[in-house]
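This briefing concerns a single protein chain.

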Amino acid sequence: MPVPCEQTTNMSTGTDVKNTEPNISMDENRSVTQEPSSKKGLCSVRHWLAIILQLCNFSNSAQQMGLSIAITAMVNNTATSSQPNASTERPPTDYSQDYWNETLEEFKPLAPTYDWNPEIQGIILSALSYGSLLAPIPIGYVSGIFGAKYIVGAGLVISSVLTLFLPLAADVGVALFVALRVIQGTAQVLVSTGQYSIWVKWAPPMERSQLTAIAASGSLLGTFIVLLSGGFICEVIGWPYIFYIFGGIGCACCLLWLPIVYNDPRKHPFISSSEKSYIMNSLTQQDSSLDWFLPIKAMVKSLPLWAIVVSYFCVYWQYSTVMAYTPTYFNSVLEANVRDSGILSALPFCVACVCVIVGGLLADFLSSRKILRLVTIRKLFTAIGVLASSVIFLILPWVKDSFSTTVVLFTLSSAVNSLSDSGVLVNFLDVAPRYGGFLRGLMQTFAYISGAISPTVNGLLISQDSEWGWRNVFIVGVVINISGLIFYLIFGQAEVQHWAEEQTSTHF
């Protein structure tokens with residue numbers, strides 16, 4: 001079996017690297033002449049690996065967001081009326097609109113609706129989080145030991161197959177539907193957390209920002225596509241096809257992932273010798289050996305690590321606010337209809353998807369040309385993202401009467417905030433690349449906690465003060481975001497920490 005063989009090799013990676021480093025150093029002069037060809041363009045295997053991860057993250061995000069759109073069509077909100085299947089998105093405006101809606105009903109396949117009350121809907125929408133909350137840390141730990149190929153591959157297969165079966169589960173009953181979403185939440189953590197351990201062996205330090213940014217942009221792209229097309233899919237061919245389409249895309253990504261992705265560039269059958277030498281030479285000073293032990297005590301005492309953890313919580317507070325409440329803000333404050341709210345909500349994610357990649361390229365350019373130190377780059381990008389988006393948040397309550405200005409400001413906020421992806425959000429790979437998988441799981445846990453608290457607090461603020469509730473939401477977000485930035489600017493570092501360099505006897 002290939003899996004046990006690969007796992008055995010991974011467990012001895014530390015000695016293999018030490019044995020091969022002298023040979024790499026002897027050939028360094030020969031490989032330096034080949035490095036430029038390994039650095040340029042998107043034709044390298046490592047860049048294609050980032051693109052495949054982008055597709056995986058696209059699939060993961062689309063499967064996660066799909067239910068948020070589909071549930072509006074799945075729920076029978078008019079069960080007490082004489083027309084159980086009548087549309088409740090907006091009241092009919094004229095005869096021609098009613099006729100068009102009836103025509104669509106005649107030609108599209110019938111999709112069942114369910115009498116789910118708001119409490120049941122809340123449980124269904126939260127089920128994915130139930131499966132995600134406690135999983136990142138152990139999954140990150142395991143992926144750091146066994147590598148990302150089979151961890152991510154298994155998560156993508158499970159999540160995609162379960163997505164295909166969700167319409168059938170909804171027919172069977174709420175309990176089965178919720179159970180599948182809980183399992184799917186755990187499977188999606190396999191993808192979102194496990195993938196970061198692959199960059200320990202594949203990402204040269206001078207390209208770390210752009211490679212992780214290309215991969216991460218898939219999540220924003222998936223959100224954008226679902227928000228843009230989900231309502232149309234529900235209207236034209238029925239809500240089950242949201243699950244069929246994006247579940248099928250996930251299965252297609254599995255066919256790319258499993259045969260093409262390898263945990264170690266030295267084992268990849270298609271990589272050129274020049275690219276392999278370039279990656280290995282760039283990582284010779286990095287201890288990437290894997291073991292079963294973690295320096296827990298040293299991690300707990302590490303202020304640079306805590307700076308990243310606190311910043312993760314604060315940055316994701318604002319991100320969760322934008323994710324959860326942008327459509328509501330457009331609908332309730334700007335009085336846009338449901339369809340327009342979805343399209344307008346998708347626009348910031350589209351722009352952010354592009355800016356994430358551009359930010360990664362710019363960060364690596366500044367680092368590779370030695371224009372700025374790496375720690376300066378991380379802090380500068382984080383500060384620009386946090387401060388600029390905070391200023392925009394403070395302006396929003398005062399321009400609510402201008403539809404176009406509000407849309408532009410929301411879009412700019414997402415654009416500048418995406419710079420944090422090349423700042424603090426990738427910093428954990430700088431301070432402890434050896435424990436990248438575990439630390440990603442730790443950071444993701446704090447991000448999930450922030451995502452669970454933020455909508456609850458914001459909902460209370462809005463419900464308690466109908467006039468100034470939104471202003472209070474924005475102010476609280478700004479205070480939390482800037483507090484995290486100050487802590488990070490004081491204690492953040494980008495050098496490999498001593499506890500990430502040495503072997504330790506501290507057990508997990």
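In this predicted model, the count of aromatic pairs comes to 14. One of them joins Y312 and Y316, a stacked pair with 5.7 Å centre to centre and 15° between the planes. A pair of aromatic rings is described by the distance of the centres and the angle of the planes.

**Aromatic pairs within helices**

- Helix α16 (residues 303–332) holds both Y312 and Y316, which are four residues apart, about one turn of the helix.
- Y312 has a relative accessible area of 1% and is buried.
- W470 and F474 form a tilted pair, because their planes stand at 35° with the ring centres 6.4 Å apart; an angle under 30 degrees would count as stacked and one over 60 as edge-to-face.
- W470 and F474 lie in helix α22 (residues 469–491), and because they are four residues apart there, about one helical turn separates them.
- Both W470 and F474 are buried.

**Other aromatic arrangements**

- One aromatic cluster is formed by Y114, W116, F177, W239 and F243.

- I214 is part of helix α12, which covers residues 208–236.
- The relative accessibility of I214 is 9%, so I214 counts as buried, the cut-off being under 20%.
- Leaving aside residues up to four places away in sequence, I214 touches H47, A50, I51, Q54 and I357.
- I357 is 143 residues from I214 along the chain, yet the C-alpha atoms of I214 and I357 are separated by 5.4 Å.

**The chain as a whole**

- The protein chain contains 22 helices and zero strands.
- The chain has 508 residues, of which 51% count as buried.
- Considering contacts between residues at least 6 apart in sequence, 85% join residues at least 24 apart; the contact between I214 and I357, residues 143 apart along the chain, is one with such a separation.
- The accessible surface of the protein chain comes to about 22,600 Å², and 66% of this surface belongs to carbon and sulfur atoms.

Definitions and conventions:
Residues are numbered from 1 along each chain as its sequence is written. This is a predicted model: local features need pLDDT of at least 70, side-chain atom pairs count only at pLDDT 80 or more; totals for chains, interfaces and linings use all residues. Side-chain values use heavy atoms; hydrogens and water are left out. Helices (H or I, at least four residues) and strands (E, at least two) are DSSP runs, numbered from the N terminus. Buried means under 20% relative accessible area, exposed over 50%, partly exposed in between (1.4 Å probe, protein chains only). Contact means heavy atoms within 4.5 Å. Accessible areas come from the Shrake-Rupley method with a 1.4 Å probe; for residues, only the protein chains shown count as cover. Rings of Phe, Tyr and Trp (its six-membered ring) pair if their centres lie within 6.5 Å; planes under 30 degrees apart count as stacked, over 60 as edge-to-face and the rest as tilted.
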